[in-house]
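The tour moves from one selection to the next and says what is to be found at each stop.

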Amino acid sequence: MKKSYKIDVDCANCANKMEIAAKGTPGVKDAVVNFMTLKMNVEFEDGADHKAVMQDVYKNCKRVEDDCEIYL
Ligand SMILES: [Zn+2]
């Protein structure tokens, strides 16, 4: 399953940090952050609870960049 989320982040470097944090979250198969469109596209592992996984993605992104936002 793939989902797209609107995000807010101040620069491409922080967007990249968010992408790495999202990719490292259990339940996430792949994640791509587009700074130009301020979107995060997430592909979830089969059977993953995308709402629970996104809570962890959010926490992990906040840990690497506290000035970011993901609109869940
Ligand atoms: Zn930044």
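Begin by selecting Leu38, which is partly exposed because 15 other C-beta atoms lie within 10 Å; with C-beta atoms placed from the backbone, a residue counts as buried if 20 or more others lie within 10 Å of its own, as exposed if 12 or fewer do, and as partly exposed in between. Leu38 sits in the loop between β2 and β3, and its phi is near 55°, a positive value in a residue other than glycine. Residues are numbered from 1 along each chain as its sequence is written. This is a predicted model, in which local features need pLDDT of at least 70 and side-chain atom pairs count only at pLDDT 80 or more, while totals for chains, interfaces and linings use all residues.

Next, show the strands, which, like the helices, are DSSP runs numbered from the N terminus (strands are E, at least two residues; helices are H or I, at least four). They form an open sheet of four strands in the order β2-β3-β1-β4, with antiparallel pairing, where two strands pair if DSSP finds at least two bridges between them. β2 (28-34) and β4 stand at the edges with a single partner strand each, so one side of each is left without a neighbour in the sheet. On average, neighbouring strands of this sheet are turned by 30° against each other, direction ignored.

Now select strand β1 (residues 2-8), which five bridges join to the antiparallel strand β3 (residues 39-44). Here Lys2 stands opposite Glu43, and Lys3 stands opposite Val42. Toward strand β4 (residues 69-71), β1 pairs over three bridges, also in the antiparallel sense, and the bridge partner of Lys6 there is Tyr71.

Move on to helix α1 (residues 12-23), which lies across β1, β2 and β3 and runs at about 170° to β2. Axes are lines fitted to C-alpha atoms, for helices over the stretch in contact, and angles run from 0 to 180 degrees between N-to-C directions.

To see the contact, select Lys17, Met18, Ala21 and Ala22 of α1 together with Val57, Asn60, Cys61, Arg63 and Val64 of α2; two residues are in contact if their C-beta atoms, placed from the backbone, lie within 7 Å.
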